[in-house]
Amino acid sequence: KTVVKTASGTIVAPTTCNDGDPYTKANDAACQAAGKSACWDEDSSRDTQFLPWVVGAVKLSDYEIYSDCFRVCAINDLCYGSSAEVEYKDSVCEVSNVRTPLWAWLQEWGIYRKPLWSLSLFSVWAACL
């Protein structure tokens, strides 16, 4: 597997969808077809410059209803560090069959416009098994 950190800080990942692989746009279609989701890699350090989203199952089953939002965060390289507000503008996820702007979902949880890696609850909600 080849993982490359580019100058912009994004990860170029393989198109395979194996547990533990980075979850990106490159493997999103394969992961969706395989019924796999994105989760927060608990081994990611708080100051990570790499995408903390990996292929895997969310540890807490109560938060599986947010799996599409975690997927949208992953494929858009968002929801960690300090993403700019404009980056969330067009991102939409589905919660309980309702399409919701990603920024509105984050705002509902009180974590919009905050560096998410510093919020231990978010990494717990999305943590991998």
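Trainee: How many salt bridges does the count come to?

Mentor: The count comes to 3 salt bridges, a salt bridge being a side-chain nitrogen of Lys or Arg within 4 Å of a carboxyl oxygen of Asp or Glu. Keep in mind that this is a predicted model, where local features need pLDDT of at least 70 and side-chain atom pairs count only at pLDDT 80 or more, while totals for chains, interfaces and linings use all residues. Residues are numbered from 1 along each chain as its sequence is written, and side-chain values use heavy atoms, with hydrogens and water left out.

Trainee: What makes Asp-19 and Lys-36 a salt bridge?

Mentor: Their closest N and O atoms are 3.6 Å apart, and the cut-off is within 4 Å, so the pair qualifies. Asp-19 lies in the loop between β2 (11-12) and α1, and Lys-36 in the loop between α1 and β3, so the pair ties together parts that are 17 residues apart in sequence.

Trainee: Why is Asp-19 called exposed?

Mentor: Exposed means over 50% relative accessible area, buried under 20%, and partly exposed in between (1.4 Å probe, protein chains only). Asp-19 has 56% relative accessibility, so Asp-19 counts as exposed. Lys-36, at 30%, counts as partly exposed.

Trainee: How do you know whether Arg-71 is buried or exposed?

Mentor: Arg-71 has a relative accessible area of 16%, so Arg-71 is buried. Asp-68, with 21%, is partly exposed.

Trainee: Which residues are linked with Arg-71 in a network of salt bridges?

Mentor: The network links Asp-28, Asp-68 and Arg-71. The closest N and O atoms are 2.8 Å apart for Arg-71 and Asp-28, and 2.9 Å apart for Asp-68 and Arg-71. Asp-68 and Arg-71 both lie in helix α2, 3 residues apart, about one turn of the helix. Helices here are DSSP runs (H or I, at least four residues), and strands are E runs of at least two, numbered from the N terminus.

Trainee: What makes α2 mostly covered?

Mentor: Of its 9 residues, 7 are buried. Among them are Phe-70, Val-72 and Ile-75.

Trainee: How many residues does the largest nonpolar core have?

Mentor: That core has 31 residues. A nonpolar core is a set of buried Ala, Val, Leu, Ile, Met, Phe, Trp, Tyr and Cys residues joined through side-chain atoms within 4.5 Å. The largest share of this core, 6 residues, comes from α2.
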